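Me: I should like to go through the reasoning behind several labels attached to this structure. Please set each value against its criterion.

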Amino acid sequence: RAALAPRSSRAHSRRPPREDVVGTASHCVSTYRNVRAFSARMAAPPPPPTMWTPQQEGINQILQLLTEYRQPGANQQQMYTRLQQCASVPDFNNYLSFILTKGDGVGDEIRQTAGLLLKNNLKTGWHGASGEHKVFIQRSLLSALNHPSKFLRHTVGTCISMITRAAGPTGWPEVYPALANAISIETASADPNALDGGLDAVYKVCEELNGRLDVPHAGMQEGSPAGLLLPKLLQLVGTVTDANARAKALGAINLMVPSWPQSHAHVMDAYLQALFALAMDTNGSVRKEVCVGIVSLLYRAPEKLAPNMRAVIAYMIDRTSDGDEDVALESCEFWAAFCEADLERDTVEVLREFTPKLIPMLLTNMKYAEDDEEVLNAEEDELNSGTDDKDKDVRPSFRGAKNKDFGGDETAEGAENENDDDFFDAGEEDDDTSWNLRKSSANGLDVMSNVFGDELLGMILPIVEQRFRESDWRLRESAILAVGAVSEGCDAGLTPFLPQLIEFLVPSLDDPRPMLRATACWTLSRFARWTVQLAFAPRPGDPLPATAPQGRAFVEKILAGLLTRVGDKNKHVQSAACGALATLLQETREDIVTWLQPVATTLGLAVGSYGRKNLRCALDAVATLADSAGASLKSPAVATALLSPLLQKWEQGGDTQPDLYQLLECVTSVTMGVGLAAQEYAPAMWQRALQLSRRALTLRDQQEANPDVEVGYEPDHVVCTLDLLSGIADGVAEGAAVLVSADPDGTREVILKAITDLRSPGIRRSGFALIGDIAKAPNAVGHLLPILPRIIQSAVTQLDPTMVQAYNMGACNNACWSTGEMAMAFDMAQIGPHASVLVNAFQRVLSQTMVHRSLGENAAISLGRFALRCPESISQSFETLVTPWCGALRRLRDGVEKEQAFGGLVRLVQLNPAGGVNGLIPMLHAIASWQKVRDVSLHGNLLQLMQGYETLVGPQKWTEVIQNLGPAATKKLGGFAQNVGA
């Protein structure tokens, strides 16, 4: 994602949301009085074996439900409950389909409600339907594509698309010939209703399948659904007189462009010609789809556009200022797409000719419109600050569970997809409807600046400087936005202006207009990396740069301004300030220590005062601080500033508050960050988190016992509470033993239920993380002794080759890591009996081809730890494991864990030197991987190891081994005697 906004598939995803059952069809069963008797009648076996037939009594009952639903004052919760009961009846969807498609004499509103309810049921329950019921629904829907009522045939199209979504592109082969017939030229003239219904269904099918209709179909002469439909759609585009039909046909083709079938590559020329022919269509919807198609071709087949690129660019510039805002918006997507497309350099250079006209136009588009909804909402919030957030404004989200690793490292799954510079998404929970011409223009300018760099500044800066002086706040805001947009692409050219920019931007944080304050926050965050590079050394211990005094002054100004805005009364500004602060904290990392206390205090106040929606932003900033600030965070004052308001928020909202698990994720990060400073809060947190874990796992057991009854079980809730327990144990270290001893049985129960979970890899992953963190804590591992055999058994299960899969990698990693921690924590007599089975599991992992690097490293370290503690138990296996093990040891980073692993290697060589002879070359490569062996005793042992093997194998064999090592490893081993010490 670019810094300004996500762009993937935007050109294909914006259309008004389709009818939804929420608040509509989900309430259609308000008068259902006897579900059991109704279920018995409807669930009776249908008379004919070939086709399901509705019973009049069932039809009447469903119609009564739907009719009474239309009456005002229905009880929402009761209707939802009854809906769930009805949906479990095997042929309930058949009745809905019958009413939708064949309910002559029934009002269109009732029939549409039946269709919308059917849509929701198909989305989740298609696979559970019998073949007979599926056939009835499919045939009923296809027969109604030409229904006289537009609302009903479009509802039919929605249901058809839900089936293709559930069944996949090959799961309903009969649908494509039927759709092709509905959109044929003959149908267009003979039955306009069928054409409209067919195009609506085709478009929605393409949407639900992401355009992936290129999948081969056996028996389909055209090869694939796309091959069947594309020629029909292209014919329509060129001949049909109805503009809406032209637009819908072209839109369906556009959705298929990313997966255009290779067998129909020749048809793409006809598509391009159709785009050019419709370029000046009088209908705005058609021009919009022309722009979408051109953008799609830039990604899929840019060579098709290259010969006419000048004309295309000129056209898209004209359309970017089109009077139809939808057309202008779609055409504006072209500029970012052009810069990202796989174009020859000569073609890219063509755009340079147009930048003097294009850049001012983009800057013009970046000014807020007078009636911009975002501005109106922010201004209203300015007048009505302190109002509570509505539930519909807040969407659930999780930051992602963490995988454990040796050395205390953690990696968050999905973290690589996060972008803290994303101003337009940070704090915005809206759908794509919030994407507009202003944002698209800013995004285009951002991407273009990364292609053309500083040369754009000559066109941008005069406009920006002029707008900085304007009295119209919208012009000033657009200038601030433009500076932020080009800050990365034009960094070298902007550097001399950095002092002036900061001097202008920091006071802008106090502007009376909330959206200008918000944009100033984001733009300042875009300069965070520059200012940090000016202020601090690149690495700990390196000398400070000459610019350090100036850089620190910049950081202090920006930080002070952002902290003030975190306390802004306007929710839009709060959100932007928290996002900008999080970006700055990521850049400063440990260097934030000078300002740590005011940052922690301000964020703690935000946690205590923010409403639900912006609480997420504050929690994210707090978690970023905890994850970035390093050892400086470990102070009682910081712990009090952060944990007190977090725990107070937990206490006030209780264990059923909607945002509990986002809150607990933040508590976990802070607890791990402040370490022993959390000791005061740890006992209460531990007990409460343990209760939540047990409650969530009990819900899991209830759900598994009664899968048809919804009990509110969420696997993510279990993961979150387990991670909190793990974070507490990790943070308080030696204090963990006291925490576990308060309820050892409860702790063991939670662990066993987690690591044996059959459905959720995330729960297993977090369960093993908790085991490892307890094992690390002094005097705590004894509480795990009663369940040690079951822990070992579960770990071995996770390391079975059938389980070492991408979806389960977190659980595999943590199983490896936790057993290694137990190897160091338990007495030899306790862990020794389990060494052999675990080492065999580690060996299997290391012997796999293309094993995940982190898993290979964890297995190598854990194997070494068992070898160090229980060498007698595994020395006889040394010959078979030495080669894959040493192959993994050479990839380890220097550190305590590597020292322990090589200590285990030394012990096995001492006990069974002959077992290592066949693996001598990988063993020497592993020894050569050391940069510096800090443990003097280990260094001496490794020297003795090599000298011993030289004697054992004899001079001739030793010479051959050294020759096979290669010059790099030989050179490193030659200087290994001096490679010791700190």
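This is a predicted model: local features need pLDDT of at least 70, side-chain atom pairs count only at pLDDT 80 or more; totals for chains, interfaces and linings use all residues.

Me: Why is Val237 called buried?

Reply: The relative accessibility of Val237 is 3%. Buried means under 20%, so Val237 counts as buried.

Me: Where is Val237 found, and with which residues is Val237 in contact beyond its neighbours within four places in sequence?

Reply: Val237 belongs to helix H12, residues 225-239. With those neighbours set aside, Val237 has heavy atoms within 4.5 Å of Arg246, Ala249, Leu250, Ile253, Ala274 and Leu278. As for Leu275, 38 residues from Val237 along the chain, the two C-alpha atoms are separated by 9.1 Å.

Me: What makes His147 buried or exposed?

Reply: His147 has a relative accessible area of 15%. The limit for buried is under 20%, and His147 is therefore buried. His147 lies in a loop, between helix H7 (131-143) and helix H8 (150-167). Apart from neighbours within four places in sequence, the contacts of His147 are Arg111, Leu152, Arg153 and Asn193.

Me: How do you know whether the span of helix H37 agrees with its number of residues?

Reply: Helix H37 (residues 744-755) has 12 residues. The expected span is 1.5 Å times one less than that number, so H37 should span 16 Å. The end C-alpha atoms of H37 are 17 Å apart, which agrees.

Me: Which residues of H37 are buried, and what covers them?

Reply: The buried residues are Gly746, Thr747, Arg748, Val750, Ile751, Leu752, Ala754 and Ile755. Their cover includes helix H34 (682-705), helix H35 (715-732), helix H36 (736-742), helix H38 (761-776) and helix H39 (788-798).

Definitions and conventions: Residues are numbered from 1 along each chain as its sequence is written. Side-chain values use heavy atoms; hydrogens and water are left out. Helices (H or I, at least four residues) and strands (E, at least two) are DSSP runs, numbered from the N terminus. Buried means under 20% relative accessible area, exposed over 50%, partly exposed in between (1.4 Å probe, protein chains only).
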